[in-house]
Amino acid sequence: QVQLVESGGGSVQPGGSLRLSCAASGSWLSILTMGWFRQGPGKQRDLVATITTANTTNYADSVKGRFTISRDNAQNTVYLQMAGLKPEDTAVYYCNALWKATMTSLRTSWGQGTQVTVSS
């Protein structure tokens, strides 16, 4: 089982920056895609960014050019560098991992979430 623990959330003024981290622990055959999702007040959980083991990235249109996802495979950690933050970025941010328990078993895990608040 893969456990994910996020850190780095907080409150920031518009235009500010934050860096989120998510560390994976437990046991697995391989971790494939890792990513970040967010859920704003009264909204559904939406994709923010994902990154594969080959460092192929994908971003939501709303964060392109402002957020950068990166990954340290040796440390089993994924990061989300957020810049130019806007009030509409306020949400609980969740880390996600797609991983294999066996060659034929594909599973997904979620972190507990970290709050990001952008307000003046």
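**Close-up views of a predicted model**

View 1. Leaving aside neighbours within four places in sequence, Gly16 is in contact (heavy atoms within 4.5 Å) with Met82, Ala83, Gly84 and Leu85. The model is predicted, and local features need pLDDT of at least 70, side-chain atom pairs count only at pLDDT 80 or more, and totals for chains, interfaces and linings use all residues. Residues are numbered from 1 along each chain as its sequence is written, and side-chain values use heavy atoms, with hydrogens and water left out. Gly16 sits in the loop between strand 2 (10-12) and strand 3; helices (H or I, at least four residues) and strands (E, at least two) are DSSP runs numbered from the N terminus. Its relative accessibility is 16%, so Gly16 counts as buried; buried means under 20% relative accessible area, exposed over 50%, and partly exposed in between (1.4 Å probe, protein chains only). Gly16 and Met82 are 66 residues apart along the chain, with 8.3 Å between their C-alpha atoms.

**View 2. Met82 and the largest nonpolar core.** Not counting residues up to four places away in sequence, Met82 touches Gly16, Ser17, Leu18, Leu20, Arg66, Phe67, Tyr93 and Val116. The largest nonpolar core has 29 residues, and Trp36, Leu80, Met82 and Tyr93 touch the most other members. At least two core residues come from each of strand 1 (2-7), strand 3 (18-26), strand 4 (30-39), strand 5 (45-51), strand 7 (67-72), strand 8 (77-82), strand 9 (91-102) and strand 11 (114-118). Strand 9 gives the most, with five residues. A nonpolar core is a set of buried Ala, Val, Leu, Ile, Met, Phe, Trp, Tyr and Cys residues joined through side-chain atoms within 4.5 Å. In soluble globular proteins, nonpolar side chains tend to be buried together.

**View 3. Salt bridges at Asp89.** Three salt bridges are found in a search of the whole structure, where a salt bridge is a side-chain nitrogen of Lys or Arg within 4 Å of a carboxyl oxygen of Asp or Glu. One of them joins the side chains of Arg38 and Asp89, at 2.9 Å from N to O. Arg38 is in strand 4 and Asp89 in the loop between strand 8 and strand 9, so this pair ties together parts that are 51 residues apart in sequence. Relative accessibility is 13% for Arg38, which counts as buried, and 1% for Asp89, which also counts as buried. Asp89 forms a salt bridge with Arg66 as well, the closest N and O atoms being 2.7 Å apart. Because Arg66 lies in the loop between strand 6 (57-59) and strand 7, and Asp89 in the loop between strand 8 and strand 9, the pair ties together parts that are 23 residues apart in sequence. Through shared partners, salt bridges join Arg38, Arg66 and Asp89 into one network.

**View 4. The Asp61 and Lys64 salt bridge.** Asp61 pairs with Lys64 in a salt bridge whose closest N and O atoms are 3.1 Å apart. Asp61 counts as exposed at 64% relative accessibility. Lys64 is partly exposed, with a relative accessible area of 48%.

**View 5. The largest pocket.** Its volume is about 170 Å³. The lining consists of Arg38, Gly40, Pro41, Lys43, Gln44, Asp46, Leu47, Ala60, Ser62, Glu88, Thr90 and Ala91. These divide into four nonpolar, four polar and four charged residues. Ala, Val, Leu, Ile, Met, Phe, Trp, Tyr, Cys and Pro count as nonpolar, Asp, Glu, Lys and Arg as charged, and the others, Gly among them, as polar. On a 1 Å grid over the protein atoms alone, a pocket is an open set of points where a 1.4 Å probe fits, with protein on both sides within 12 Å along at least five of seven lines; lining residues have an atom within 4 Å of a point. Grid points are joined across faces, edges and corners, and a volume is the space filled by probe spheres set on the points.

**View 6. Thr50 in strand 5.** Thr50 lies in strand 5 and counts as buried at 15% relative accessibility. Apart from residues up to four places away in sequence, Thr50 touches Thr33, Met34, Gly35, Thr56, Thr57, Asn58 and Ile69.

View 7. Asn55 is not a glycine, yet has a positive phi of about 65°. Asn55 is in the loop between strand 5 and strand 6 and is partly exposed at 45% relative accessibility. Asn76, also not a glycine, has a positive phi of about 50°. Asn76 is in the loop between strand 7 and strand 8 and is partly exposed at 24% relative accessibility.
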